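Please keep the sequence and the 3D view at hand.

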Amino acid sequence: MLIIDRYAYINKLRYFNDDLKLFLFIMMITIALFSNSYIVHISIFIIMSVILVGIAQIPIKGYFKMYLLPMSFIILSLIALVFSISHSNVDTFFSVKLSNFYLVVRDDSLLKAIILTTRAFSAISCSYFLILTTPFNNLIKLLLKYKIPVLLIELIMLTYRFIFILLEEIAKIYKAQDLRFGYINMKNSFNSLGLLLRTLIVRIIKRYKDMIISLESKNYDNRFYM
């Protein structure tokens with residue numbers, strides 16, 4: 001079971017009204033996306049974090065650990081946004097001379113970066129609020145209740161299912177390699193990682209074909225009945 005699923009089943013808001021949780025999620029993420037005030041973004045992040053950690057009792061260490069992966073992507077994207085090359089360092093917040101040009105940080109780009117960062121984290125906290133307090137089955141029921149296209153729901157279900165298949169296969173391959181000292185040094189680690197990716201693709205394709213055969217044996221007519 002994924003850590004997100006475990007939290008969704010053990011949190012204190014699991015049996016709270018799902019419609020109200022969905023309403024709060026939509027309201028807060030709409031404000032986060034359309035507001036240009038970083039104070040509003042920070043406020044939303046704090047409110048969602050307090051609800052999740054204080055009321056739903058999601059472990060605080062596990063909660064903030066889940067921000068590490070999105071944080072790495074955000075930081076990488078900020079580098080291109082904040083820094084720029086210029087022949088002049090006039091009206092800049094920060095500049096470094098490199099040969100005959102400057103690496104500069106301008107006030108407006110810095111403000112944009114702050115707003116973008118706070119907006120991203122507030123939107124992520126809203127998403128975490130919904131998925132950490134509502135089990136996946138309940139989310140599917142909500143989507144069906146509010147007439148979300150069935151094709152989209154099926155796509156979400158298949159994606160969700162394949163996440164588990166992917167993780168299961170990675171764990172099996174990694175364990176087999178580790179038992180054969182595949183990660184004992186840097187050279188072996190790179191070789192093992194390449195082999196893992198190749199084997200993973202082959203196994204995922206096989207699991208996909210197995211699933212198609214299984215569905216066809218059950219008279220699958222291109223639709224999952226929910």
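Lys145 has a relative accessible area of 49% and is therefore partly exposed, where buried means under 20%, exposed over 50% and partly exposed in between (1.4 Å probe, protein chains only). This is a predicted model, in which local features need pLDDT of at least 70 and side-chain atom pairs count only at pLDDT 80 or more, while totals for chains, interfaces and linings use all residues. Residues are numbered from 1 along each chain as its sequence is written, and side-chain values use heavy atoms, with hydrogens and water left out.

Lys145 forms a salt bridge with Asp19, their closest N and O atoms being 3.0 Å apart; such a bridge is a side-chain nitrogen of Lys or Arg within 4 Å of a carboxyl oxygen of Asp or Glu. This pair links distant parts of the chain, for Asp19 lies in helix 2 (residues 18–34) and Lys145 in helix 7 (residues 136–145), 126 residues apart. Helices are DSSP runs of H or I with at least four residues, numbered from the N terminus. Asp19 is also partly exposed, at 23% relative accessibility.

The whole structure holds seven salt bridges. In one of them, Glu168 pairs with Lys172, with 3.4 Å between the closest N and O atoms. Both residues belong to helix 8 (residues 150–179) and stand four residues apart, about one turn of the helix. Another salt bridge brings together Lys206 and Asp210 (3.2 Å, N to O). Because Lys206 and Asp210 are four residues apart in helix 9 (residues 186–217), about one helical turn separates them. Lys206 is exposed, at 52%, whereas Asp210 is partly exposed, at 36%. Salt bridges with shared partners also join Glu168, Glu169, Lys172, Arg203 and Arg207 into one network.

A pocket here is an open set of points on a 1 Å grid over the protein atoms alone, where a 1.4 Å probe fits, with protein on both sides within 12 Å along at least five of seven lines; lining residues have an atom within 4 Å of a point. Among the 17 lining residues, Ile131, Phe136, Leu139, Ile156 and Tyr160 are the closest to the centre of the largest pocket. Helix 7 gives the most to this lining, with five residues.

Note on methods
Helices (H or I, at least four residues) and strands (E, at least two) are DSSP runs, numbered from the N terminus.
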